[in-house]
Amino acid sequence: MTQRTQRTQRIEDYALIGDLQTAALVGMDGSIDWLCLPRFDSPACFAALLGNEDNGHWRLAPKDADRCTRRRYVGNSLVLESVWETRTGTVKVTDFMPQRDRSPDVMRIVEGVSGTVEMSAVLRIRFDYGSVVPWMRRADNHRVAIAGPDSVWLRSEPPVSTWGQHFSTCSSFTVGEGERVAFVLTWHPSHEPRPELVDPYEALEGSLDDWDQWSCHCLGKGPYHQAIVRSLITLKALTYAPTGGIVASPTTSLPEELGGVRNWDYRYCWLRDSTLTLSALLSAGYLEEAAAWRDWLLRAVAGVPADLQIMYGLAGERRLPETELPWLSGYAGSAPVRTGNAAVHQLQLDVYGQVLDTLHVARQAGLSAEQHAWSMQLSLLGFLESTWREPDEGLWEVRGPRRHFVHSKVMAWVAADRAVQTLEQYPSLRGDVERWRTMRDEVHRDVCEKGYDPEQNAFTQSYGSTDLDAATLLIPKVGFLPPDDPRVRGTVDAVQKGLGVGGGLVRRYSTDGLTVDGLPGSEGAFLACSFWLADALRMTGRVREARELFERLLALRNDVGLLAEEYDPARERQVGNFPQAFSHIALVTTALALSREEAEG
């Protein structure tokens, strides 16, 4: 196998495996190129995705083979099955991470299907994002890698001969029809003893059973049932089980523009996703996951309202310092590679509306209300009442000057509106309903007067600007104006025309010329916004167009049903962090709405 070569896999060539605490990306060439242990936000021990093979990877494939012939997830699971058809025979590799009791395991089972196949494996462990070469030794029929706080143990069943070469562990073996060889990679803190061994074949059966039991709870059938289930499985895989938090993506720094600088760390939990996430989980029948996400949200936002952040760590951590990793060249040369996210310090007033809307949706759905939740909501609303007139960085986390973003003001209206609805429905709750009605009406007048451009017949990105923003497609969805309002219809038309790119997809906002985000370069079509366009088309009576756009978006998924954050129509490639929760949440929401539309005739 070639040494120290840049990875050439497209983003969509990867599949996801995970154990509900971290996740790995497996390429069509049989290489695991990204894995952070023991958590989603831990330093990666395989970082070839953002550099080259010397930054850590684990390839397991037939000798001299390039890519697998086909692959799939087994049933409704996160167990990946890759089939390789070679000149001498056919082999199947099953990759998965069983849900852990304590220590994370990556398991890879090779099974001969027909003939005989010579297999080759190369394991390069590089702790701390590919920068630390561990000390390797043999112990108890394992290869053991240790460096600082990290220890990884590799074993095979039955034992396979291994040797060291170029600071990697190599092996070669042959499998015939019906023969199986299992590899198990286990991480644990280096100061602790090796964990108890886990039987890989029992773990496989257990993993398939766990996923089957979970996925069978998905409500409804409909024309898009399989797409919904696969996206929900992806969202479940991005859930940090100990706390219920859902990461935006398991990766950092996959570029929004190939070769560009728009590379961010998405391994955290964003409040912007909260309402859509909760609604999607509730609509699909996953009350337990919805309650866990709601509870995570309440813990994360607890404290002084002025200190509310746009994102938090997996357990609600607040400090997420942004750092660049200069030893990594970046995916397709897209540098810098970043960990942490400086946007955590931004003022984004829309998150107050997102939080209050989420808790309102939870109450309406019958999730048991926490006693302190309403007091917290009133506290957040009181802060928003005094600050909604201020400029902010907005939903898209622009790194340019603050502005009066229309979406932020609309979400301030949502916050007041949901308080009014709650107090009207539950008059025993304390609160001044007239106070919030007054705020709601004032925000509404302000947005309609300052955020609407009569010449375009559309709401704009910010006050005093003529630029468009796909976030304004959410205006009818949140109830700010009815779908049949001429201003809503005009906004849908304007966004579709002004921000549209190939195939009916849309960008978030224009990156032509002097950009609002203060960054050079451009980006692809934003997939969640394109789903929002489909929603807006449906709500304004253009159901056929909505369905056509939705099905075009479905066709952009990779061969195992995964979506990144964005799509580059010119290169016909997925771009941005992968897979992206925001894209899959939007897919589920749009699919459920179109399914209801069809069921209702």
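## Close-up views of charges and rings

**View 1. A negative surface patch is built from Glu 205, Asp 209, Asp 210 and Asp 212.** Patches gather residues with over 30% relative accessible area and no salt bridge, like charges being joined within 9 Å. Asp and Glu count as negative, and the place of a charge is CG of Asp or CD of Glu. Asp 210 sits in helix α2 (residues 200–215); helices are DSSP runs (H or I, at least four residues) and strands are too (E, at least two), numbered from the N terminus. Because its relative accessible area is 35%, Asp 210 is partly exposed, the class between buried (under 20%) and exposed (over 50%), with a 1.4 Å probe and protein chains only. Accessible areas come from the Shrake-Rupley method.

Please keep in mind that this is a predicted model, where local features need pLDDT of at least 70 and side-chain atom pairs count only at pLDDT 80 or more, while totals for chains, interfaces and linings use all residues. Residues are numbered from 1 along each chain as its sequence is written, and side-chain values use heavy atoms, leaving out hydrogens and water.

**View 2. Lys 92 and Glu 81 join two strands through a salt bridge (3.6 Å, N to O).** Lys 92 belongs to strand β8 (residues 89–96) and Glu 81 to strand β7 (residues 80–85), eleven residues apart. A salt bridge here is a side-chain nitrogen of Lys or Arg within 4 Å of a carboxyl oxygen of Asp or Glu, and the whole structure holds 44 of them. With a relative accessible area of 12%, Glu 81 is buried.

**View 3. Glu 523 and Arg 262 form a salt bridge (3.8 Å, N to O).** Glu 523 is in the loop between α10 (486–498) and β24 (525–526), and Arg 262 in the loop between β17 (245–246) and β18 (269–270), so the pair ties together parts 261 residues apart in sequence. Both Glu 523 and Arg 262 are buried.

**View 4. Trp 413 and Phe 480 make an edge-to-face ring pair.** Their ring centres are 5.3 Å apart and their planes at 80°. Rings of Phe, Tyr and Trp (its six-membered ring) pair if their centres lie within 6.5 Å, with planes under 30 degrees apart stacked, over 60 edge-to-face and the rest tilted. Trp 413 is buried at 7% relative accessibility, and Phe 480 is buried at 3%. The count of aromatic pairs comes to 16.

Methods
Patches are made of residues with over 30% relative accessible area and no salt bridge: like charges are joined within 9 Å, nonpolar side chains (Val, Leu, Ile, Met, Phe, Trp, Tyr) within 5 Å. Accessible areas come from the Shrake-Rupley method with a 1.4 Å probe; for residues, only the protein chains shown count as cover.
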